[in-house]
Amino acid sequence: MKLSTKGRYAVMAMVDLARHAQAKPVSLSDIATRQEISLSYLEQLFARLRRAGLVRSVRGPGGGYRLARGSAETRVSEIILAVDEPITATRCTEMGATGCRADRSKCLTHDLWEELGNQIHMFLSSVTLRDVLERKLTTHIIEAPVVTKPDSVAAAS
């Protein structure tokens with residue numbers, strides 16, 4: 001699974017906004033400069049983020065954008081979904097109604113990739129903008145069980 005620039009840039013811009021919007025609204029041109037993202041691309045992303053209720057625009061001199069909610073209440077998954085970025089790892093259509101194969105059946109690994117997408121979504125739903133700003137991501141990662149290789153000597157016996 002690969003997250004497109006749309007999702008990555010939206011999250012980068014929202015983290016920047018959360019960091020800099022303490023005293024006054026932040027202009028998209030400032031975000032564009034700091035994050036090295038095209039201003040016109042940011043305008044498109046922020047239109048979607050505004051429609052999703054994640055940011056508020058402030059008009060007039062000194063205007064710009066503010067978070068609609070606090071950084072601790074804004075989840076990374078919401079940002080990605082707001083810009084129409086799917087969080088899936090399968091190539092099958094929505095809800096798995098039709099499979100990814102030519103005959104509309106599911107491939108042998110469909111359930112594996114679908115569960116991976118679910119895990120990614122759960123992880124991104126557990127991370128807030130504040131977590132990213134404070135670099136508290138390790139508390140959200142669930143450690144996988146350790147897989148040990150069978151002892152080659154014991155296997156030969």
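A contact here means heavy atoms within 4.5 Å. The model is predicted, so local features need pLDDT of at least 70 and side-chain atom pairs count only at pLDDT 80 or more, while totals for chains, interfaces and linings use all residues. Residues are numbered from 1 along each chain as its sequence is written, and side-chain values use heavy atoms, with hydrogens and water left out.

**View 1. Overall fold of the predicted protein.** The protein holds 7 helices and 2 strands, taken as DSSP runs numbered from the N terminus (helices: H or I, at least four residues; strands: E, at least two), and these follow one another as α-α-α-β-β-α-α-α-α. Of the 157 residues, 31% are buried, where buried denotes under 20% relative accessible area, exposed over 50%, and partly exposed in between (1.4 Å probe, protein chains only). Among contacts with a separation of 6 or more, 61% involve residues 24 or more positions apart.

View 2. Aspartate 16 lies in helix H1 (residues 5–20) and is buried, at a relative accessible area of 4%. Leaving aside residues up to four places away in sequence, aspartate 16 touches Ile31, Arg34 and Gln35. With the side chain of glutamine 35, the aspartate 16 side chain makes a polar contact at 2.9 Å; such a contact is a pair of N or O atoms within 3.5 Å, and within protein one must be able to donate a hydrogen and the other to accept it, with residues adjacent in sequence counting only if both atoms are side-chain atoms.

**View 3. Salt bridge between arginine 34 and aspartate 16.** A salt bridge requires a side-chain nitrogen of Lys or Arg within 4 Å of a carboxyl oxygen of Asp or Glu, and the side chains of arginine 34 and aspartate 16 meet in one at 2.7 Å, N to O. This pair links distant parts of the chain, with arginine 34 in helix H2 (residues 28–35) and aspartate 16 in helix H1, 18 residues apart. Arginine 34 is partly exposed, with a relative accessible area of 36%, whereas aspartate 16 counts as buried.

**View 4. Salt bridge between arginine 69 and glutamate 78.** The two side chains meet at 2.6 Å, N to O. Arginine 69 is partly exposed at 31% relative accessibility, and glutamate 78 is likewise partly exposed, at 28%.

**View 5. Isoleucine 87 in the loop between helices H4 and H5.** Isoleucine 87 is found between helix H4 (76–82) and helix H5 (110–126) and counts as buried, at 10% relative accessibility. Its C-alpha lies 8.0 Å from that of asparagine 118, although the two are 31 residues apart in sequence.
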